[in-house]
Structures are given as C-alpha cells and as structure tokens.
Amino acid sequence: MSGNLIDYSVDKGVAIFALNDPPANTYTYEMNRELDECILRARMDDDVHVILLRGAGDKFFSAGANIKMLSEVTPGFKYYFCLHANETLNRLEQTPKLVIAALNGHTVGGGLEIAMAADIRIALKGAGKVGLPEVTLGVLPGTGGTQRLSRLVGKTKSIQLMVEGGLFDFEEAEKLGVVNYVWAAEENGKTWWDRVMEYAWSFCPPNKAAKAVGRIKRSVQSGWEVPLESALAIERELQQQLFQSEDAKEGLGAYNQKRKPAFAGK
C-alpha cells in the first residue's frame with residue numbers, strides 16, 4: 001500500500017515504512033497521521049514481526065518538521081501538532097515489535113526524533129548528517145528530542161549537542177550511542193539495503209522468537225521510567241506470557257534435543 005506521504009509494504013514479516021515527501025521527507029500533520037495509521041496496521045498484523053523505517057530516495061531519511069507549514073499555522077495548531085507527534089512516536093515505541101530505523105540520508109531535527117523512537121538505528125556510511133539544530137530557529141526539539149537524546153547520551157552531553165545545534169556525521173553518532181551501526185554502501189558483494197533487510201529478517205521466524213524479541217523491548221520501554229520493583233513485576237508478567245507461548249516450548253525443546261529451533265512467532 002502506498003499512502004500520499006508514507007509508502008507501506010511488507011516483505012517476509014518486515015513492515016517497511018518509507019517516508020516519502022520529496023525533496024527532504026519533511027513531516028507534516030498529514031504525514032504523522034499516516035505514520036500513526038501505519039504503526040497501527042503493522043501492530044495489528046500477526047504476520048508482521050519487525051517494523052523498518054527509511055526515507056524514500058537516497059539523500060534524506062527526514063529533515064524533520066516542515067518549516068513552511070509551521071510558519072503558516074497558529075500557535076495552538078503547533079501545540080497540538082507536537083502533542084500528536086508525541087503520541088504517535090510513543091505508540092511506535094510501545095508497540096511490542098522490534099523497530100529499526102534505516103538512516104539512508106540526512107537525519108536532522110524531527111527526523112532524528114523519529115529515528116530515536118526506534119529501537120535500533122542503522123546508518124549508511126557517508127550518506128548524511130544527524131543533529132537537533134532547532135535552537136538555531138529559536139525553538140527546542142519539541143517532538144521528543146530533549147527527552148530521548150538525553151536518555152541515549154546522558155544529560156550533560158545532550159544539553160551540549162542541542163544548545164550548540166551542530167550537525168555531525170554518522171560515525172560520530174555511533175560513538176555517542178545515537179546510532180547502533182554504520183555500514184558501508186557495499187560489503188562482501190551485498191548492498192547496504194540488502195544487509196539492513198537481512199538484519200531485519202534475522203528477528204523474524206523461524207530465525208528468532210519474535211514474541212520474545214517484542215517482549216524484551218516492551219519490558220525495557222515500560223520498565224525504564226518506573227521504580228525497579230515495578231519494573232521487575234512488568235518483566236515477570238511478560239516472562240509468564242512467553243512461558244505459555246509455542247515458541248518457548250520449541251526453544252526449550254530444541255535446546256534439550258540439541259537441535260536448532262524453528263520458531264513460529266506464536
């Protein structure tokens with residue numbers, strides 16, 4: 001399915017969302033509504049095990065919010081625009097399926113805020129810059145940037161990066177912990193995108209117990225902000241759900257039988 005601003009497709013258990021608003025894949029309220037719809041569609045599809053975000057084209061993942069749109073709307077609209085973006089990215093973050101952001105180009109401002117709501121970020125070496133330069137516009141990163149960046153790199157470093165407002169390359173982002181991997185355009189005869197897809201498929205059945213992957217994510221995301229005792233209770237409840245799954249029976253049985261498990265995602 002192709003929307004007006006996000007192209008949605010599924011490839012062997014991986015739902016691919018391509019942000020598609022040339023030339024820079026900037027997002028608007030309309031794109032955020034499509035993103036919200038895509039998240040719900042992938043969440044409710046039992047045949048989808050991983051969500052993969054990328055930018056259409058080869059220059060931008062996303063350059064963030066559409067500045068022209070923001071300059072034309074009322075302050076009230078801007079507030080509700082940010083609120084809806086928060087709600088949408090929270091929904092992405094809380095969906096118990098692994099979310100990978102494939103950074104195939106510049107990932108700036110709100111584009112980085114979207115990427116930081118993913119669980120794993122894989123960048124294309126030499127393809128672009130990342131950063132939160134909103135201070136240069138007289139505003140702050142208002143769709144989760146101040147909170148998610150500080151949780152990734154620490155309080156002091158995140159303040160420095162945001163108040164300086166500079167952009168940095170993917171290799172520096174990897175050193176900071178903003179990006180998990182930086183892969184070359186081609187390696188061992190495989191393109192960057194081929195490797196990204198192979199990585200995404202590695203978390204799908206029969207390779208991995210997709211329910212366990214999703215519950216690990218959910219345990220971390222839901223437990224991060226609550227006291228340890230409450231977080232451990234969340235962990236126990238999710239573990240009990242997994243103990244009752246077919247994949248847990250398969251995994252334990254395969255271990256005892258000294259064979260490779262064949263997971264079904266159930």
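**Close-up views of a predicted model**

**View 1. A hairpin made by β1 and β2.** Strands β1 and β2 form a hairpin with two residues between them, and lysine 12 in the turn has a positive phi of about 50 degrees. Six bridges join β1 (residues 6-11) to β2 (residues 14-19), and the two run antiparallel. Look for aspartate 7, which stands opposite alanine 18 in β2. Strands (E, at least two residues) and helices (H or I, at least four) are DSSP runs numbered from the N terminus, and two strands pair if DSSP finds at least two bridges between them. This is a predicted model, in which local features need pLDDT of at least 70 and side-chain atom pairs count only at pLDDT 80 or more, while totals for chains, interfaces and linings use all residues. Residues are numbered from 1 along each chain as its sequence is written, and side-chain values use heavy atoms, with hydrogens and water left out.

**View 2. An open sheet of four strands.** The order is β4-β6-β8-β9, with mixed pairing. At the edges are β4 (60-62) and β9 (168-169), each pairing on one side only. Two bridges join β4 to β6 (residues 106-108), and these strands run parallel. Here phenylalanine 60 stands opposite histidine 106 in β6.

View 3. Glutamate 72 forms a salt bridge (a side-chain nitrogen of Lys or Arg within 4 Å of a carboxyl oxygen of Asp or Glu) with lysine 68, the closest N and O atoms being 2.8 Å apart. Both residues lie in α2, four residues apart, about one turn of the helix. Glutamate 72 and lysine 68 are both exposed (over 50% relative accessible area; buried is under 20%, partly exposed in between; 1.4 Å probe, protein chains only).

**View 4. A salt bridge between lysine 217 and aspartate 119.** The closest N and O atoms of this pair are 3.1 Å apart. Lysine 217 lies in helix α9 and aspartate 119 in the loop between α4 and β7 (120-124), so the pair ties together parts that are 98 residues apart in sequence. Both lysine 217 and aspartate 119 are buried.

**View 5. A salt bridge between glutamate 198 and lysine 190.** Their side chains meet at 3.1 Å, N to O. Glutamate 198 is partly exposed, with a relative accessible area of 38%, and lysine 190 is partly exposed too, at 35%. By the salt-bridge rule, the count comes to eight.
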